[in-house]
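Please keep the model open beside you as you read.

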Amino acid sequence: MPKKIVIVGGGSGGMMVANRLARQLPDEIKRNEVEITLLSNTEKHIYQPGYLFIAFNEQQPEHFIRKQERIAHRLVNLVYDDVQIIDPGTNRVHGDKSTYSYDYLVIATGSHPDMNSIPGLSEGADNFYTLEGAEKLRDKLADFQEGKILITIDVPHKCPAAPLEITLMLDDYFRKKGVRDQVEIKYTYPIGRIHSLQPVADWGLPEFEKRNIDYETFFNLEEVDSKKKVAITMDGEEHSYDILISIPAHTGAKAVIDSGLGDEDGFIPTDRYNLKMEGSDDVYVVGDATNLPISKAGSTAHYQAETLVHNLISRVKGRPETARYSGKVACFLENSLEDASMITFDYQHPPKPATTSDMLHWFKSVYNELYWLNARGIL
Amino acid sequence: MRQVDFTKQVDARGTYCPGPLMELVKSIKRGQMGDVIELISDDKGSRVDIPEWVNKMGHEIANERLEGEDYYIAVRKMK
Ligand SMILES: Cc1cc2nc3c(=O)[nH]c(=O)nc-3n(C[C@H](O)[C@H](O)[C@H](O)COP(=O)(O)OP(=O)(O)OC[C@H]3O[C@@H](n4cnc5c(N)ncnc54)[C@H](O)[C@@H]3O)c2cc1C
């Protein structure tokens, strides 16, 4: 009987884990000592950071989408199934089509924006956190000649840099269109500065001031009235808008919630170093699905995948699991459609934004292509 | 040692992004009125920005203490 490793979710984290395992255990898989099954509820693999570029029509949506079978390694058993229940009690995963038993399980079911988290949000707000949202916003922005764009942010949400990036990119987009004087851009944030990271807030604020981007802090959205076109905050204030770009609170996957494995937001309590689900020795969690208080980002999923794969391989080979996740995260910070900064940090080292440059924007564009090597487990 | 009865404890030590205050905002938002959330942070900025947010939003500080570099703050949700 082979050792069965089952991975639920074929997004950034799940795909990287499956492919890295396949590349590092080819002989064991061929000898039928190990079997790697990747369960995906979608045939598409989407590079989500691409949504930012879709919204500004900088790239076509197809540029960021591949078929799962084109990315999964040939030694990975890729199965399309929508997992309903994960049952660590019996080491089984129940999908729509079948039930899968496992020796080791990796949960990589991600997170998604909850457009119903605030009354009126789904009717009144646009977003760039889903493919449909980014496409709809692209068409609205293309037609927009004058008026007010309001940006609101709720927690938790993935990619903590993206709301700041879209704001700075909007400024550049409308300048290039020659209508910036007629477009008011207002950014808001729930706490007393424009980003949770002080160094990032210090990086962005002078840009806001220099480029006439309005902002309001301690802004906590409570309701949207799409008829009156106002966003209502916790203090009862009404804020008008013509386009409301909202980053709603995120939740974990339904299957995680239905299986009773998540916290109140559907995120799985996870050990911050060995990435095992709390209270379990055989279940690992990677990427956005964890409850770890760190950035929900593709780079997080990548660095976690490195740790987790190393330990799983050691385990399969009967060796000790010694790799520990350091908390490493790396994020680009787009400053316009032409230049960018970046930050890296971990549990021990705070971030410090790099000097903004055209080079870093170019590097981000290159990474958008290199991602596919990453997902294949090559890079 | 538990110094105050809390509904939930959030250990945000060693986390920079989204950071301790955002973890608190999230927990308070999800909690019920009267819940007490205790947050642990080793970021010096938390000693200023957390009480500032709590006061501004009309919640209540139920307990606050330093244990070495670790700052413990228990916040009662008031609305
Ligand atoms: C606009 C935007 C910009 C971003 N920019 C950046 C950036 O610049 N840098 C960065 O590092 N990160 C960025 N991110 C974040 C990054 O895309 C995510 O953090 C990353 O994709 C998380 O990987 P994951 O594997 O945890 O989840 P995902 O990639 O979301 O994958 C989860 C997968 O699980 C599947 N799934 C869910 N439930 C089930 C089920 N029941 N059965 C089977 N399959 C299931 C889903 O269909 C999906 O395929 C950005 C995100 C957005 C939206």
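1. A:Glu146, A:Glu184, A:Asp214 and A:Asp242 together make up a negative surface patch in this predicted model. A patch takes residues with over 30% relative accessible area and no salt bridge, joining like charges within 9 Å and nonpolar side chains (Val, Leu, Ile, Met, Phe, Trp, Tyr) within 5 Å. Asp and Glu count as negative, Lys and Arg as positive, with His and the chain ends not counted. One of the four, A:Asp242, sits in the loop between strands S16 (238-240) and S17 (243-247) of chain A. A:Asp242 is partly exposed because its relative accessibility is 35% (buried is under 20%, exposed over 50%, partly exposed in between, with a 1.4 Å probe and protein chains only).

2. A word on conventions: residues are numbered from 1 along each chain as its sequence is written, and chains are lettered from A and ligands numbered from 1 in the order in which they are written. In this predicted model local features need pLDDT of at least 70 and side-chain atom pairs pLDDT 80 or more, while totals for chains, interfaces and linings use all residues; side-chain values use heavy atoms, leaving out hydrogens and water.

3. Over all chains there are 33 salt bridges, each a side-chain nitrogen of Lys or Arg within 4 Å of a carboxyl oxygen of Asp or Glu. A:Glu28 pairs with A:Lys317, with 3.5 Å between the closest N and O atoms. This pair links distant parts of the chain, 289 residues apart: A:Glu28 is in helix H2 (residues 26-30) and A:Lys317 in the loop between H10 and strand S20 (329-334). A:Glu28 is buried at 13% relative accessibility, whereas A:Lys317 is partly exposed at 35%.

4. Which residue does A:Arg193 meet in a salt bridge? Its partner is B:Asp49, at 2.9 Å from N to O. The contact crosses between chains, from the loop between strand S12 (183-188) and helix H8 (198-210) of chain A to helix H2 (residues 46-57) of chain B. Both ends are worth a look: A:Arg193 is buried at 16%, and B:Asp49 is buried at 9%.

5. Helix H10 (residues 298-316) of chain A spans 26 Å from its first C-alpha to its last, close to the expected 27 Å (1.5 Å times one less than its number of residues). Helices here are DSSP runs of H or I with at least four residues, and strands are E runs of at least two, numbered from the N terminus. H10(A) is largely enclosed by the rest of the structure, because 15 of its 19 residues are buried. After H10(A) comes A:Gly318, with a positive phi near 75 degrees.

Technical notes:
Areas by Shrake-Rupley, 256 points an atom, 1.4 Å probe, with all protein chains shown as cover. Charge placed at Lys NZ, Arg CZ, Asp CG, Glu CD.
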